[in-house]
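User: I would like to learn how to read a model of two chains. Please take me through the features step by step.

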Amino acid sequence: MNVDEKTLAQIDRYLSDQMDGDERMTFEERLDKDPALQEALQMNREIHQTLADTTSLDLEKTLAALGNEFGQKYQSENADQAPQKEHKSNRTKWIIIATILVITTIVALYTLLKKQPNSQDLYANYYETYDWSDQNRSSDTTFEPNDSDWIQEYQKANFDEFLTKTNNLPDTLTNSLQYNIQFLRAMALMETQQFDASITILEELLNTSNTAYKQASAWYLALAKLHQKNTIEAIQYLERTTQLSNRGKYYSQAKRLLNELK
Amino acid sequence: MTSEKNIIERIRLGEPAVFRKIYSSYFPSITKYILNNQGSLEDAKDVFQDAIMVIYEKSKDPSFTLNASIHTYLFAISKNLWLKNIRKNLHKKGSLPEELELIENDSFESEIQWREKEKLYRTKFSLLDDICKKIITLFLQKKTMVEIATELGLSSPAYAKKRKYKCKLKLLQSIKSDPSYKSLES
């Protein structure tokens with residue numbers, strides 16, 4: 001409905017009874033034929049009626065004031081019930097939050113425990129008794145173990161005997177032979193569950209240059225630390241194992257174990 | 001209410017005491033109903049005021065007489081107003097409460113519709129700028145364009161007439177463009 005200025009002026013004059021007889025008749029004839037004009041007239045009539053009705057407006061103001069007064073009264077009279085409802089609602093809310101927290105914690109712990117492998121189990125899975133004959137075949141040492149009765153004790157898995165017999169060896173042995181014996185002592189100590197003593201020897205071998213046992217020492221140190229549930233140091237020794245050589249069984253085992261631990 | 005027969009006459013005359021008595025007696029029950037049906041205290045105040053305005057409008061009809069208590073009328077009109085409000089805002093408020101059913105009461109339908117129109121017209125008028133509000137108000141007080149121009153310090157009666165046209169057109173357009181206007185017309 002777009003009313004032009006002239007039509008709107010006519011509507012205003014018609015509604016305020018300012019038209020003379022002829023103009024009024026012409027306007028009403030047009031009105032009969034023009035639904036848009038009828039609509040515009042009706043709307044203007046309602047607007048005039050509403051805006052001119054100051055009595056209604058005053059009454060509305062009176063009622064609004066009463067509404068505020070009795071609204072406050074209602075609120076204060078029912079204030080005792082509202083906090084109770086709120087209290088109940090708060091209690092329910094906290095129960096729900098607490099339940100969610102407990103469930104979340106249980107799920108998180110379960111997931112963590114499930115994901116985190118048991119270090120003792122891992123030790124059992126990966127630990128293998130060191131086989132002297134394997135090392136001896138690939139070693140360039142001149143040591144002839146079969147000639148020594150103490151090495152036979154190791155091969156027979158008489159580790160206590162082996163440890164006793166190698167406790168006081170002569171100083172005349174070559175460095176290479178001494179490294180061999182020290183490493184086997186570390187292995188025997190692990191077999192007899194003397195991990196601290198084993199770790200001392202293995203750390204010394206790892207930090208001594210020119211030994212053929214550096215990578216093997218790092219590997220067994222990692223396992224010994226794993227047995228002691230010291231996962232952080234176990235990981236450090238496994239990383240050292242992979243750094244010392246990127247081939248061989250210690251490298252591949254260390255990689256696999258690292259993946260399981262991380 | 002001691003005299004139900006006289007109450008309509010007292011409402012029509014706008015006696016302040018009768019409205020206070022109505023608020024005191026019936027506002028709590030209707031407020032409780034609105035609060036129990038997704039409404040707030042502010043909603044209750046608006047609905048109750050509108051319900052009284054509907055009865056006030058009806059009271060202007062000389063043929064109107066009360067066939068039930070004023071409380072029955074107020075409650076029925078308030079429920080209908082609230083239901084219309086919920087329906088209008090259904091997308092905001094979710095589903096309609098099952099217990100809320102429209103009470104068919106044709107005798108008040110035109111007054112309810114008129115009340116809604118009245119509120120829309122007043123709201124749109126209040127949004128006009130000050131000069132527009134003054135021009136339209138003075139015009140409705142049957143002031144001439146010469147008087148309006150003088151009172152508002154406008155340059156000429158012709159300019160006052162031009163401004164009046166622009167102000168009325170703005171008001172008409174804002175009413176027509178309001179989404180609720182179409183539903184009031186249908």
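User: Start with the interface. How many residues of chain B are in contact with chain A?

Analyst: This is a predicted model. The size of an interface is often given as the accessible area lost when the parts come together. Here, count residues instead. In chain B, 30 residues are in contact with 24 residues of chain A.

User: Which helices of chain B each supply at least two residues of that side?

Analyst: They are α2 (16–36), α3 (41–59), α6 (106–126), α7 (130–140) and α9 (157–176) of chain B. α2(B) gives the most, with eight residues.

User: And by class, what is on the side of chain B that touches chain A?

Analyst: That side has 18 nonpolar residues, along with eight charged and four polar ones.

User: How far can I trust the prediction? What are the confidence values?

Analyst: Read the chain and the complex separately. Chain B has a mean pLDDT of 86, with 87% of its residues at 70 or more. For the complex, the predictor gives an ipTM of 0.83 and a pTM of 0.54.

User: Now the fold of chain B. How many helices and strands does it have?

Analyst: Chain B has 10 helices and zero strands. Of its 186 residues, 31% count as buried. Among contacts in chain B with a separation of 6 or more, 64% are between residues 24 or more positions apart.

User: Next, helix packing. At what angle do α2(B) and α4(B) cross?

Analyst: Take the angle, the distance and the hand together. α2(B) and helix α4 (residues 70–88) of chain B cross at roughly 35°, and their axes come within 11 Å. The crossing is right-handed.

User: Which residues make that contact?

Analyst: α2(B) uses B:Ile22, B:Tyr26, B:Ile30 and B:Ile34. From α4(B) come B:Ile70, B:His71, B:Leu74, B:Phe75, B:Ser78 and B:Trp82. By class, this contact has eight nonpolar residues, two polar and no charged.

User: Give me a pair in chain A. How do α10(A) and α11(A) pack?

Analyst: Helix α10 (residues 175–191) and helix α11 (residues 195–207) of chain A have axes 8 Å apart, at an angle of about 150°.

User: Are they roughly parallel or roughly antiparallel?

Analyst: Angles over 145 degrees count as roughly antiparallel. α10(A) and α11(A) are therefore roughly antiparallel to each other. Their crossing is left-handed.

User: Which residues meet there?

Analyst: Among them are A:Tyr179, A:Phe183 and A:Leu189 of α10(A), and A:Phe195, A:Ile201 and A:Leu205 of α11(A). The contact divides into 10 nonpolar residues, two polar and one charged.

Key: Residues are numbered from 1 along each chain as its sequence is written. Chains are lettered from A and ligands numbered from 1 in the order in which they are written. This is a predicted model: local features need pLDDT of at least 70, side-chain atom pairs count only at pLDDT 80 or more; totals for chains, interfaces and linings use all residues. Two residues are in contact if their C-beta atoms, placed from the backbone, lie within 7 Å. Helices (H or I, at least four residues) and strands (E, at least two) are DSSP runs, numbered from the N terminus. Ala, Val, Leu, Ile, Met, Phe, Trp, Tyr, Cys and Pro count as nonpolar, Asp, Glu, Lys and Arg as charged, and the others, Gly among them, as polar. Axes are lines fitted to C-alpha atoms, for helices over the stretch in contact, and angles run from 0 to 180 degrees between N-to-C directions. A crossing is left-handed if the near helix is turned anticlockwise from the far one by less than a right angle, and right-handed if clockwise. pLDDT is the predictor's confidence in each residue, from 0 to 100. A residue is buried if 20 or more other C-beta atoms lie within 10 Å of its own, exposed if 12 or fewer, and partly exposed in between; C-beta atoms are placed from the backbone. Angles under 35 degrees count as roughly parallel, over 145 as roughly antiparallel, 65 to 115 as roughly perpendicular and the rest as oblique.
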